[in-house]
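I'll jot down what I look up as I go.

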Amino acid sequence: MSASLVRATVRAVSKRKLQPTRAALTLTPSAVNKIKQLLKDKPEHVGVKVGVRTRGCNGLSYTLEYTKTKGDSDEEVIQDGVRVFIEKKAQLTLLGTEMDYVEDKLSSEFVFNNPNIKGTCGCVESFNI
């Protein structure tokens, strides 16, 4: 069974224009570096898997896990030597999303800047599309 990585936050992005790409998910240099750092100590894992789960006030929450293999229905995104697998259930919700890694004095987390999200709830655990 895969171990969970770290906490993730979802932010609605409405005024920012993201460039259309062929990949369902793009990674910032900060996210690429953090994933490389996390995988460095786990040679048996080939990448991370992004999924969605029913959770929180509005219904959906992103999950991140280490993965040893690509699932049959997973979409694979390779960027700067990092492999990210997207579960089938999460593929449509992640189209056009930018995955970032943010650190400040009190927290560090992966942030999904998703232009498809219409809003988030106050618990910051879920989002609605």
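I looked up tyrosine 62 to begin with; this is a predicted model, and in it tyrosine 62 has 7% relative accessibility, so it counts as buried, the cut-off being under 20%.

Next I checked phenylalanine 112. Its relative accessible area is 0%, so I put phenylalanine 112 down as buried too.

Then I turned to the rings. I noted that a pair of aromatic rings is described by the distance of the centres and the angle of the planes. How many aromatic pairs are there? I get a count of 2.

I found lysine 42 over its face, 5.1 Å from the ring centre.

Last, I went to helix H1 (residues 29-40). Its 12 residues should span 16 Å at 1.5 Å a residue, and I find the end C-alpha atoms 16 Å apart, so the two agree.

Which residues of H1 are buried? I listed Ala31, Val32, Lys34, Ile35, Leu38 and Leu39. They sit on the same side of H1, because their arc around the axis is only 165 degrees. I reminded myself that an α-helix has 3.6 residues a turn, so residues three or four places apart point the same way. On the other side of H1, I noted Pro29 and Lys40 as exposed.

Key. Residues numbered from 1 in each chain as written. Predicted model: local features only at pLDDT ≥ 70, side-chain atom pairs only at ≥ 80, totals over all residues. Heavy atoms only, no water. Phe/Tyr/Trp six-rings, centres within 6.5 Å; stacked < 30°, edge-to-face > 60°. Buried < 20%, exposed > 50% of the residue type's maximum accessible area, 1.4 Å probe, protein only. Lys NZ or Arg CZ within 6 Å of the ring centre and 35° of its normal. Helix = DSSP H or I, 4+ residues; strand = E, 2+ residues; numbered from the N terminus. Expected span 1.5 Å × (residues − 1). Arc of directions from axis to C-beta.
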